[in-house]
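Hello,

Here is the structure I promised to pass on to you. Have a look at it, and then read my notes below.

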Amino acid sequence: MSQIDLTSPARAVALPSLERQYLERRALVSGALTALTWAAAVLGSIPLFSVIFMLVAQGGARLDLEALTALPPAGFEPGGGFGNAILGTLVMVAIATLISVPIGLLAAIYLAVLGPSSQLAGVSRFVAKTLTGFPSILAGVFTYAVLVVAFGYSALAGGIALAVLMLPTVVLAAEEAMKQVPQRMTDAAYGMGCTRSQVIWKVVLPTGLPGILTGVMLAVAGAAGESAPLLFTALFSNYYLAELMEPTASLSILIYNFSAMPFENQIELAWAASLTLVLIVLVFNILARLVGQPKV
Amino acid sequence: MASHPFQDAATPGAISGPPSAGDYLGDSIFRTIALFCAFLIILLLAYILWEIGGQAVPAFERHGLGFVTGTTWDVSGEEFGVLPEIWGTLYSSLIALIFGGVFGIAIAIFLTQDFIGARLAAVFRTIVELLAAIPSVVFGLWGIYVLIPLLRPASAWLHAHLGFIPLFGTELSGPGLAPAALVLSIMILPTVAAISVDAFRRIPYKVKEAAYGMGTTRWEAILKVMLPTASSGILAALVLGFGRALGETMALAMLIGNSNQINLSLFAPANTLASLLASSFPEAGEIEVQALMYAAMVLLVITFVVNVVGLGIQQLTMRKFEGKK
């Protein structure tokens, strides 16, 4: 039977079936992997829900006016709160913002408008990117070496350590926002005879503002949650901040200190402080989304 | 001021006019300041390196390279070595990378390969972003009061039944490597997921259409076409996530147990460079501060190398896709 009979039905059987086979191996593998991916996505979001649940259940129970305004309790003392830590966190984040935003914005203007493809811009951009990946504790070590050794622990040192962390984030976000400004708008301004500063102040900055603000808000949110750089720059204090050159309390350091204490009251306060800190960070995150909305 | 162009073009009495000499001066001052600020970023990195490096010099002269291979941290004996910390840093980050990497990439595939509708994808994306927004200390607190109690019975069972494997050589008696590494993996998951999502998004849609057109199943398209195409971007995500894990401080300082030992067991306490800095710096004397500066320098060098490699891969990837367009 060496001759092939093209008309026999055996030939048709040799062709693969082109109909979808739900039970063939590759379909089963595909289904199984899809199920695994769903499982991974759901499993991956469990920690977030667990953290939120604990924050609301443990922290929410203790979050009242006293917790928000009173001073931290000592040892077995009942009650108390973390008012000074909230103030300290806000003050230090404000200092960091005041330092990092002007410098970051100017640097971003250079990177995005003045010399986007210059060698300096290339190096500067790369350095900013490496700095964003730096361990935050090194910002603390650096500030300790530069400032704390000479002037002691202070809110200012804490703020500067946070500014070191914020700067690269602000630069990269602001550069990205300014690059979104359409070229024809700047071209039109140049065509009117504007100087480069006029183009930047009157066209690029106003147009890129929503994006810039989003970046700044995200950097602020990140700085508010940081604790490692504050450990040995701002240290901690049990009292309200009186001047910028003294050790200062912050929410994150308070949580760190209280989490290791053997007292029920302090641990409850640590949860309440965590809830407050997460809420502060979330407010800035939500603000970042809101100001970024107007973009088409 | 004839040096300025268009000066003669000014028409007397007209409302419009060329930039005045003052405008030109303001413009060049402004541009110089902006240039200086761009330069300031490079200066900042140089200053950080110089300052930390400079403070580490006395310790470097005293301990030499033995600091990196030494295993004791004895303040009163002035003997310092960070090998256990280097080990702990790499070991915990590696475990975190395995878990964070698998889940991060799976979530990136989940979000980009049409598994769910746009609205549900937005919900999951928000979940991942929220995960990134939660401060490190809060994860530390959660680890102490949720994760460690949860892991304890599991570790006891594993130790009792599989104790002959070095990984389960001890029980979890409190803080230890496993809870620290797990929290670490949760913290790097958003980084890995975000950069991987970018990598998948960069692939033109027609690539996937071509694969489906060949009759592949969804997963054949993902495993044989999408993943290899996005592989360099995913590699960058993993390296940058690893870099993030290396430098993470507070959650580790709270969970890892700060114990100066080298142990393969997942449930033994350990230490990392960053948490050594966090826990020893505030009370350190002069000699110990110098040693800590040396340790900071070691951490800086490790993270710097990892980050530069990650960024390099990322840039190569971008160039690859932008060049092909």
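Is Asp114(B) buried, partly exposed or exposed? Asp114(B) is partly exposed, because its relative accessible area is 40%; buried means under 20% relative accessible area, exposed over 50%, and partly exposed in between, using a 1.4 Å probe and protein chains only.

Before going on, please note that this is a predicted model, where local features need pLDDT of at least 70, side-chain atom pairs count only at pLDDT 80 or more, and totals for chains, interfaces and linings use all residues. Residues are numbered from 1 along each chain as its sequence is written, chains are lettered from A and ligands numbered from 1 in the order in which they are written, and side-chain values use heavy atoms, leaving out hydrogens and water.

Back to Asp114(B): you will find this residue in the loop between helix H3 (83–112) and helix H4 (118–133) of chain B. Helices here are DSSP runs of H or I with at least four residues, numbered from the N terminus. Asp114(B) is not a glycine, yet has a positive phi of about 60 degrees. Most residues other than glycine have a negative phi. Asn258(B) also has a positive phi, near 45 degrees, and is not a glycine either. Asn258(B) lies in the loop between helix H9 (250–255) and helix H10 (273–280) of chain B, and counts as partly exposed at 31% relative accessibility.

Next, look at where the two chains meet through helices. The axes of H10 (residues 251–259) of chain A and H5 (residues 136–162) of chain B come within 9 Å and cross at roughly 20 degrees. (Axes are lines fitted to C-alpha atoms over the stretch in contact, and angles run from 0 to 180 degrees between N-to-C directions.) H10(A) and H5(B) are therefore roughly parallel, a label for angles under 35 degrees. Contact, meaning heavy atoms within 4.5 Å, is made by Ser252(A), Ile255(A), Tyr256(A) and Ser259(A) on H10(A), and by Val137(B), Leu141(B), Ile144(B) and Tyr145(B) on H5(B).

Finally, a search of the whole structure finds zero disulfides, a disulfide being a pair of cysteine sulfur atoms within 2.5 Å.

Enjoy exploring!

Notes: Parallel < 35°, antiparallel > 145°, perpendicular 65-115°, else oblique.
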